[in-house]
Amino acid sequence: MTTIVNKLKYFTFVLLVGSLLIAACSPASPVENSSGSDNSVDVHYTLKTGSGDGKLIYIGVGGDIDGVVNPDLVAKLGDTVAITLVNDDGRFHDFVIDEFNAATSVFGEAGEEETIQFTVDQADTFFYYCSVTGHRKAGMEGQMIVSNQ
Ligand SMILES: [Cu+2]
């Protein structure tokens, strides 16, 4: 009887150690992609709408462009770019780059946001702007700079 109990204890011990070893040796969980859930995106910029000095502007959110008015958006040729536009002033706005056929819809509720994705297939400097009448002239314009690697 004692022998059987000891064998059972030993068996349980082996099972326990074995499962611990397996757990320790299994690969670590995948590393989180810093750009979020979509890992096909190479660069992701967030801009919010606003006004300052009587002008209408885009303001960078996060990263190198945080707080920068109409920031330069940098990418490399061939990159998939994601742009998130956050409406922060309750006026109707959008975000457009003609050369890449990139455009959000026009939306005007404070707190509303939209993300678009496009691939930059030309290396040059391009304008982004708001297509709502008068807004580009009022200041909603910046540059996207695409480098040739
Ligand atoms: Cu606008």
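Trainee: What share of the contacts in the chain between residues at least 6 apart join residues at least 24 apart in sequence?

Mentor: The share is 56%, among contacts between residues at least 6 apart. Two residues are in contact if their C-beta atoms, placed from the backbone, lie within 7 Å.

Trainee: What kind of model is this, and what pLDDT do local features need?

Mentor: This is a predicted model: local features need pLDDT of at least 70, side-chain atom pairs count only at pLDDT 80 or more, and totals for chains, interfaces and linings use all residues. Residues are numbered from 1 along each chain as its sequence is written.

Trainee: What is the mean pLDDT of the chain?

Mentor: The mean is 83, and 74% of the residues reach 70 or more. pLDDT is the predictor's confidence in each residue, from 0 to 100.

Trainee: Where does pLDDT stay under 50?

Mentor: Over residues 10-36. For that stretch the model has 3 contacts beyond four places in sequence.

Trainee: How many helices and strands does the chain have?

Mentor: 1 helix and 9 strands. The pattern along the sequence is α-β-β-β-β-β-β-β-β-β. Helices (H or I, at least four residues) and strands (E, at least two) are DSSP runs, numbered from the N terminus.

Trainee: What percentage of the residues are buried?

Mentor: 19% of the 149 residues. A residue is buried if 20 or more other C-beta atoms lie within 10 Å of its own, exposed if 12 or fewer, and partly exposed in between; these C-beta atoms are placed from the backbone.

Trainee: Now the core. Which residues of the largest nonpolar core touch the most other members?

Mentor: L47, I83, F95, Y128 and M140, out of 20 residues in that core. Five strands supply at least two core residues each: β1 (43-52), β2 (55-61), β4 (80-86), β8 (125-129) and β9 (141-147). β2 gives the largest share, 4 residues. A nonpolar core here is a set of buried Ala, Val, Leu, Ile, Met, Phe, Trp, Tyr and Cys residues joined through C-beta atoms within 7 Å.

Trainee: Which residues does I83 touch?

Mentor: Y45, L47, F95, T115 and I116, not counting residues up to four places away in sequence.

Trainee: And F95, where is that found?

Mentor: In the loop between β4 and β5. F95 counts as buried because 24 C-beta neighbours lie inside 10 Å. Beyond four places in sequence, F95 is in contact with L47, I83, L85, A103, T104, Y128 and C130. The C-alpha atoms of F95 and S131 are separated by 7.2 Å, though these residues are 36 apart along the chain.

Trainee: Back to β4. Which side chains point to one face and are buried?

Mentor: V81, I83 and L85.

Trainee: How many bridges join β4 to β7?

Mentor: 7, and the two strands run antiparallel. β7 covers residues 113-119. A82 stands opposite Q117 in β7. Two strands pair if DSSP finds at least two bridges between them.

Trainee: Change of topic: glycines. Where is G50?

Mentor: In strand β1. G50 is partly exposed, because 18 C-beta neighbours lie inside 10 Å. Leaving aside neighbours within four places in sequence, G50 is in contact with I57, I59, D88 and D89. G50 and D88 are 38 residues apart in sequence and 6.1 Å apart in space, C-alpha to C-alpha.

Trainee: Is G62 buried or exposed, and why?

Mentor: Exposed, because G62 has 11 other C-beta atoms within 10 Å. G62 sits in the loop between β2 and β3.

Trainee: Where does G134 lie?

Mentor: In the loop between β8 and β9. G134 is exposed, with 9 other C-beta atoms within 10 Å. G134 and L56 are 78 residues apart along the chain, and their C-alpha atoms are separated by 9.6 Å.

Trainee: Last topic: phi. What is the phi of N70 near?

Mentor: Near 40 degrees, a positive value in a residue other than glycine. N70 lies in the loop between β2 and β3 (73-76). N70 is partly exposed, because 19 other C-beta atoms lie within 10 Å.

Trainee: And what is the phi of N101 near?

Mentor: Near 50 degrees, again positive in a residue other than glycine. N101 is found in the loop between β5 (96-97) and β6 (102-103). N101 is exposed, with 8 other C-beta atoms within 10 Å.
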